[in-house]
Amino acid sequence: MNQQMPVWVDPLSDGATPMVSALTYAEPVIASWCAEHPSSFPPIVINVTDGASTDGDPRDAADRIRALSTDDGAALVFNLHLSAFGGQSVTFPDTAAGLSDPNAQRLFEASSILPPSMLEASASLGYSVNAGSRGFLYNADVTMVIDFLDIGTRAVTPTGLKELMSPAADDLVSDDGDDAADDGQDGSTRAHGDAPTW
């Protein structure tokens with residue numbers, strides 16, 4: 001049966017990537033939010049990009065955002081770099097040593113170190129992380145992207161970390177309809193807390 005689905009984002013890449021301008025635009029918004037909500041978890045900026053900033057080096061703008069804070073800590077900047085050049089996926093690195101792309105190295109340096117709740121969530125999803133791991137992914141597959149967004153948004157909510165670490169966490173993902181291929185699970189590559197299968 002054919003069914004029409006709304007398209008929210010067309011998968012097109014075209015034009016400039018004014019990353020510095022985007023981060024500079026976000027800075028006063030985040031500063032205002034921190035001032036109005038001092039007792040909350042700090043804001044999180046998730047930058048999804050092809051990595052090639054066309055208006056300068058984004059590190060200074062990211063540093064200014066990371067200098068903003070609430071009583072609970074500094075604002076976080078995470079970068080998801082989807083490069084057209086391909087290469088090995090890198091997830092939550094603690095060093096830029098394995099990144100040959102200069103844009104990836106800059107984005108790694110512009111990324112915040114994962115706070116403890118996000119380290120715990122990352123480890124529970126099967127990622128190899130340590131105290132210096134940063135909120136940075138390079139050439140991630142779709143499963144990694146979803147995990148990254150979950151870790152960056154759900155791990156800090158009152159019940160999110162528990163949900164992510166729960167054996168039933170996979171049941172929270174919507175069903176893909178292909179139960180024969182995934183043994184009646186929800187279509188995700190993980191089942192009951194096992195390590196990811198990439």
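Which backbone nitrogen does a side-chain oxygen of Asp-101 reach at the start of α3? In this predicted model, the backbone nitrogen is that of Asn-103, and the oxygen comes to within 2.8 Å of it.

Helix α3 spans residues 102–109, and its buried residues are Asn-103, Ala-104, Leu-107 and Phe-108. Viewed down the axis of α3, these buried residues fall within an arc of 140°, so they line one face of the helix. The buried residues of α3 pack against helix α1 (19–36) and against strands β1, β4 and β6 (136–138).

Those strands belong to an open sheet of four strands, ordered β1-β4-β6-β5, with mixed pairing. At the edges stand β1 (44–49) and β5 (90–91); each has a single partner strand, so one side of each is left without a neighbour in the sheet. The pairing of β1 with β4 (residues 76–81) is parallel and runs over six bridges. Asn-47 stands opposite Asn-79 in β4.

The structure holds four aromatic pairs. One of them, Phe-108 with Phe-136, is edge-to-face, at 6.3 Å centre to centre and with 85° between the planes. Phe-108 lies in α3 and Phe-136 in β6, so the pair ties together parts that are 28 residues apart in sequence. Phe-108 is buried at a relative accessible area of 5%, and Phe-136 is buried at 0%. Arg-134 lies over the face of Phe-108, 4.5 Å from the ring centre. Phe-78, Phe-92, Tyr-127 and Phe-148 form one aromatic cluster.

How values were computed: Residues numbered from 1 in each chain as written. Predicted model: local features only at pLDDT ≥ 70, side-chain atom pairs only at ≥ 80, totals over all residues. Heavy atoms only, no water. Pairing = 2+ DSSP bridges. Helix = DSSP H or I, 4+ residues; strand = E, 2+ residues; numbered from the N terminus. Buried < 20%, exposed > 50% of the residue type's maximum accessible area, 1.4 Å probe, protein only. Arc of directions from axis to C-beta. Contact = heavy atoms within 4.5 Å. Polar contact = N/O pair within 3.5 Å; in protein donor to acceptor, adjacent residues only side chain to side chain. Phe/Tyr/Trp six-rings, centres within 6.5 Å; stacked < 30°, edge-to-face > 60°. Lys NZ or Arg CZ within 6 Å of the ring centre and 35° of its normal.
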